[in-house]
Amino acid sequence: MTASTGLGTPRTASPELLRSVFRQHAAGVAVITAHGSRPVGFTATSLTSVAADPPLLSFGIGTGASSWPAVSEAEHVGVHILGEHQQELAATFARSGADRFGPATSWHTGPEGVPLLDGVLAWLVCKVVARVPAGDHRIVLAQPVVGDPAGPGRPLLYHQGRFNALRD
């Protein structure tokens with residue numbers, strides 16, 4: 001006997017089904033940065049805390065992404081938690097072909113040569129410890145080495161294909 005969920009007809013698993021389901025999942029917004037021959041970065045909603053001891057986090061990146069070549073070789077990456085006041089910054093780092101480190105982006109070189117974005121809620125510089133194949137992506141495992149959790153504001157969220165502010 002199968003239980004009825006009242007939610008409609010189940011669909012066979014596919015990339016579109018996965019995208020549709022995850023549009024329902026609100027996620028925090030982060031920007032991951034690295035330095036290769038030039039600074040690179042991308043917007044990520046796949047950031048996850050993996051372990052507290054030792055501290056580990058993960059994020060996914062597509063192997064076709066413009067940032068992948070630098071991230072695939074980087075020893076360290078920057079992880080930035082964006083605030084609700086940074087929707088345009090999130091959009092810039094999500095947009096293909098954008099000048100992500102152009103004049104509109106306030107940043108500086110941080111520890112280990114990692115590009116750090118200014119005005120974020122929190123940031124970490126992390127040592128990359130593994131890159132795990134996962135379909136057309138890689139799951140990057142990284143260990144924080146230094147950071148700051150005390151930036152101003154409230155978190156930026158991503159839901160239904162849009163950046164949103166947290167509501168009380």
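Trainee: How much space lies in the largest pocket?

Mentor: Rolling a probe the size of a water molecule over the atoms shows where empty space is left. In this predicted model, the largest pocket holds about 990 Å³. A pocket here is an open set of points on a 1 Å grid over the protein atoms alone, where a 1.4 Å probe fits, with protein on both sides within 12 Å along at least five of seven lines. Its volume is the space filled by probe spheres set on the points. Local features need pLDDT of at least 70 and side-chain atom pairs 80 or more, while totals for linings use all residues. Residues are numbered from 1 along each chain, and side-chain values use heavy atoms, without hydrogens and water.

Trainee: Which residues lie nearest the centre of the largest pocket?

Mentor: Arg 19, Thr 45, Ser 46, His 137 and Tyr 158 do, out of 26 lining residues (those with an atom within 4 Å of a point). Helix H1 (15–23) gives the most, with five residues; helices are DSSP runs (H or I) of at least four residues, strands (E) of at least two.

Trainee: In what order do the three strands form the open sheet?

Mentor: Strands of a sheet pair through backbone hydrogen bonds, either parallel or antiparallel. Here the order is E1-E11-E12, with antiparallel pairing; two strands pair if DSSP finds at least two bridges between them. E1 (27–28) and E12 (162–165) are the edge strands, each pairing on one side only. Two bridges join E1 to E11 (156–159), and Gly 28 stands opposite Leu 157 in E11.
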